Amino acid sequence: MLLRKIHLSQRLNKRQLFALNLSAWPTKPSHIRLLHDIRPQTSKFNAQQPDSVPGFPAGTPPRPPITPQSSPAKNNRGLMYSFIGISMVGLMLWYKSKSKKQKIPILAQSVWKEAIWQESDRMDYNYNESLRRYIETLEACDRFHMDPLSDDYTRIELKIAEMYEKLNILDEAQSIYQELLSRFFEALNVPGKIDESERGEVLRKDLRILIKSLEINKDIESGKKRLLQHLLLAQEEILSKSPELKEFFEKRKKKLSMIKDINRDPNDDFKTYVSEENIKFDDQGYMILDLEKNSSAWEPFKEEFFTARDLYTAYCLSSKDITAALSCKITSVEWMVMADMPPGQILLSQANLGSLFYLQAEKLEADLNHLEQKRKTEPDQELDMGTYIKALRFVRKNRDLCLERAHKCYDSVISFAKRNRKIRFHVKDQLDPSVAQSIALSTYGMGVLSLHEGVLAKAEKLFKDSITMAKETDFNELLAEAERELQKTSVLKAAKKEES
Amino acid sequence: MQHHTTRSGPKNGKIDHVRSIILTANWPHFNSRTLARNLPSSATTEMAVYTPPSDTNSNPDHPHSQEEHDKDDNDIKKFYLRPSLGLKLWGPLVPAPDNLSGLYTLVAVQSAVGIFALWRLKRLYRLPPLRRTATHTKSELAFGELPSEMIVKGKTTIRKDIADFPTLNRFSTTHGDIVLAPPPIIPRQTRFITFRKLVWGLFGSLLLSQSLLELTRLNFLKYDPWCDEMKSVRDKKFFNNIVKYYHEGIDPTKIKVKDAMNGTPLSTNIPEVKQSVALARAQVEAQNPIIRWFGPLEYKPMSFNEYLNRMEFHLDMFEFFQNKRNIRENSIELINSISQSSAGLEDLSECKKLHLQNVEKRLHFLASSKDATPAPEKRRTNTMLSRGVVLPHDTNAPQDIDLDTIRSLYDPWMTLALETSLSIKFIPTTMPSHTKTPTTTDSPGPGPTPKAITNEKTH
């Protein structure tokens with residue numbers, strides 16, 4: 001027994017092992033006393049390492065010092081506390097992330113299941129009954145005071161609206177969308193109501209509901225107003241994350257002030273955005289997105305955002321405000337490039353911009369005609385010749401400019417497609433139909449421009465081209481228009497022949 | 001893909017020259033959101049089941065895998081370290097900034113190592129002092145250091161009252177000072193221990209402080225440019241992959257496409273099938289553990305400077321907008337408090353009013369339909385509006401339904417996204433021009449010819 005102890009204590013020379021052994025040592029006081037009872041207990045010396053004192057015979061085993069017995073226990077306790085601390089922090093974090101996703105009460109869950117059951121193929125799509133169940137689910141949620149902004153709550157509401165729509169009760173559906181819309185809008189506007197990191201997602205939902213409610217909506221003016229409000233909100237969100245967008249606004253401001261100052265032509269700096277510089281290709285020649293361009297500020301709602309902007313453009317057109325539509329679309333195209341939208345979308349937007357320019361040109365031409373007619377009807381009545389000519393010149397200049405820009409837009413799309421083999425020869429193969437559609441639309445647009453100029457042969461050729469393209473890509477709307485225009489052209493051609 | 005056409009939209013929208021505006025839901029109008037919903041949407045018409053090639057293991061040297069291998073080699077060349085604040089020590093192992101579980105794992109491991117280091121340090125302190133004055137109670141000195149009075153002329157001495165040495169010669173002349181010949185090994189050991197303590201201490205505190213830094217980033221930052229960037233890069237890569245796989249086409253020897261409904265094999269040249277397969281392949285790639293950990297390999301994160309700039313910019317702008325909103329809110333409250341006299345419904349916000357209205361309407365519906373006890377109305381025509389819910393075969397009662405799967409498969413938000421994905425086209429038509437076309441029989445008479453807007457929606 002003693003021998004073993006001696007053996008053990010020799011090992012204690014190794015300092016690094018010492019503490020380890022200490023904790024493993026059965027720390028019975030009597031046991032230690034056995035080893036140390038040669039020395040007086042009161043002496044302070046007993047802690048000293050014996051082998052450090054000269055005069056001690058070399059082979060003498062060193063005595064393990066008496067360490068306070070509490071120390072291993074203390075050590076353990078410390079470890080325990082730190083573990084408890086860490087797990088507490090972990091729990092808190094976990095709870096924090098968990099609490100965001102509010103669970104739907106069990107009672108509501110079972111009603112919800114029944115609603116799905118009624119809605120499904122098993123019950124032969126019984127929407128009427130399903131709607132009732134969904135309404136009951138929502139009531140249950142209300143009773144449990146669920147957060148009306150939470151995912152599940154809004155899901156049920158959307159489901160109710162969908163059921164209303166399916167049962168053809170459109171007014172009710174619309175009013176649910178309105179409520180959701182105003183709730184999101186309010187939440188987004190009240191600071192602190194939505195966690196900052198979730199704003200993007202909420203905005204996305206808001207925009208989706210906005211687009212949906214506008215589809216049912218009949219009133220143009222109120223729709224326009226609402227679109228503006230929500231678009232502005234989304235724009236603020238993007239602006240708060242994108243220094244690039246701020247730069248864009250500053251540049252535009254500068255440009256505007258420059259125009260005012262020098263009164264020079266603001267038009268030469270119009271440029272199109274469909275080019276190799278803005279659209280990236282992979283090594284096989286297909287259009288892809290640029291991973292290096294940082295467009296994260298536009299995420300996650302960029303698609304909804306641009307759809308809403310397009311809708312706004314359409315609404316502006318509906319209220320005959322072509323100028324507003326035009327400026328909105330010009331900005332849209334530029335922003336789409338900034339946001340790194342899918343290439344097909346950019347192409348289509350550019351082609352659409354061309355159409356808008358053409359519309360503006362036609363409107364100016366109508367104005368011109370109006371002016372001329374006015375002069376004819378009232379030849380010498382208080383009409384100042386100077387101002388008249390000035391106005392005429394101004395309008396004409398603007399019209400030519402618009403036509404030129406429309407030409408530029410269409411041309412940029414067409415020549416871009418021609419430059420790139422993969423698009424040129426495999427239009428039908430493109431994954432995104434909007435690529436082919438934008439090319440067809442541009443070809444058609446060029447035809448319209450030629451017809452406008454009176455170059456009938458060219459127009460005819462272009463229309464025919466666009467008809468084949470539209471047929472290939474099932475672009476039926478364009479097909480109808482192109483055929484009509486082609487007919488017009490041939491009629492004109494015949495008339496011309498007769499004349500000559 | 002079926003094209004369902006509904007006509008809706010502004011009815012009184014009449015324009016002079018716009019002949020038609022067409023809204024079309026362009027379905028492969030990608031981005032992760034659209035893509036995600038593409039697959040289920042195609043389920044109604046033809047659900048293409050993607051069966052990954054089962055024989056990939058048996059013939060590992062088929063050209064595709066080789067090609068990928070080459071590609072990987074290229075990618076490794078331009079692999080950029082993933083950014084982080086406190087995990088820099090991990091070098092190339094740092095996960096993508098949006099990979100939260102990965103980041104937390106590394107932080108946990110790092111903290112554990114840090115705690116271990118500090119524990120080692122603490123243990124070194126715990127060690128019984130090698131040569132120290134007999135008091136083991138409290139010492140101001142670091143372990144291994146000798147009190148200054150013990151060093152005499154470069155030699156280590158121990159100043160001790162001789163009376164404390166019970167076994168020594170009381171008549172010794174060296175009363176007080178005991179000169180020790182320093183053993184050759186021990187000072188080196190003490191120096192070594194100091195060094196070790198220093199290393200453990202520095203190492204442990206460095207690791208822990210780094211972990212803390214990273215934890216703060218993960219938990220207290222509301223806006224993290226790196227994370228946002230990574231998310232958008234993942235989306236873009238997903239899109240690019242779909243384009244790639246779509247054009248790569250399907251090798252019929254590797255992939256079999258079957259109709260989900262009846263299991264008949266489909267031709268692999270149908271665009272819809274190609275789309276679905278490309279989508280599935282892109283999804284498989286996105287699920288690849290390496291990609292999930294690191295994100296797209298060729299992604300180059302923004303520099304730390306830019307990170308800081310963006311953060312600062314965001315903080316400024318956010319505060320600015322928040323203030324603006326606060327002011328607006330306050331002014332609204334002020335107006336409300338002024339016009340408080342008109343109590344009742346008008347006091348409520350628009351949202352609350354609408355809510356009350358809707359609740360009433362719903363109650364009304366419940367009451368009316370209960371009275372009528374309606375026979376199950378089948379409106380099959382309307383099911384075309386969006387796909388109906390098809391339950392799995394083994395559900396026999398409402399309570400068998402797995403709410404989570406149904407909710408993710410038929411997420412109303414997804415359905416809404418699908419419905420609101422429009423592509424708007426403006427198609428111009430020539431106006432019967434007054435100057436160039438004096439007489440045309442076909443076209444309408446001169447002057448602005450209003451035509452209704454056609455909003456066409458296909459999905």
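The side chains of B:Lys222 and A:Asp195 form a salt bridge, with N and O 2.9 Å apart. B:Lys222 sits in the loop between helix 4 and helix 5 (225-248) of chain B, and A:Asp195 in the loop between helix 8 (170-189) and helix 9 (199-216) of chain A, so the pair joins two chains. A salt bridge here is a side-chain nitrogen of Lys or Arg within 4 Å of a carboxyl oxygen of Asp or Glu. Helices (H or I, at least four residues) and strands (E, at least two) are DSSP runs, numbered from the N terminus.

The model is predicted: local features need pLDDT of at least 70, side-chain atom pairs count only at pLDDT 80 or more, and totals for chains, interfaces and linings use all residues. Residues are numbered from 1 along each chain as its sequence is written, chains are lettered from A and ligands numbered from 1 in the order in which they are written, and side-chain values use heavy atoms, with hydrogens and water left out.

Over all chains, 47 salt bridges are found. Three of them are listed here.

| Lys or Arg | Asp or Glu | N to O distance |
|---|---|---|
| B:Lys222 | A:Asp195 | 2.9 Å |
| A:Arg204 | A:Glu304 | 3.7 Å |
| A:Lys280 | A:Asp290 | 3.9 Å |

A:Arg204 and A:Glu304 form a salt bridge. A:Arg204 belongs to helix 9 of chain A and A:Glu304 to helix 12 (residues 302-318) of chain A, so this pair ties together parts that are 100 residues apart in sequence. Both A:Arg204 and A:Glu304 are buried. Buried means under 20% relative accessible area, exposed over 50%, and partly exposed in between (1.4 Å probe, protein chains only). By contrast, B:Lys222 is partly exposed, at 43% relative accessible area, and A:Asp195 is partly exposed at 25%.

A:Lys280 and A:Asp290 also meet in a salt bridge. A:Lys280 lies in strand 1 (residues 280-281) of chain A and A:Asp290 in the loop between strand 2 (287-288) and helix 12 of chain A, so the parts tied together are 10 residues apart in sequence. A:Lys280 is partly exposed, with 36% relative accessibility. Salt bridges with shared partners also link A:Asp151, A:Asp152, A:Arg155, A:Lys205, B:Asp404, B:Arg407 and B:Asp411 into one network.

Chain A contains 19 helices and two strands, and 53% of its 500 residues are buried. In helix 7 (residues 151-166) of chain A, which has 16 residues, 15 are buried. Just after helix 7 of chain A, A:Asn168 has a positive phi of about 65°.

Which residues have the most contacts inside the largest nonpolar core? They are A:Ile116, A:Ile160, A:Leu227, A:Trp298 and A:Phe305, in a core of 141 residues. Helix 15 (residues 385-419) of chain A gives the most to this core, with 12 residues. Apart from it lies another core, of 13 residues, including A:Ile288 and B:Phe239. A nonpolar core is a set of buried Ala, Val, Leu, Ile, Met, Phe, Trp, Tyr and Cys residues joined through side-chain atoms within 4.5 Å.

Technical notes. Expected span 1.5 Å × (residues − 1).
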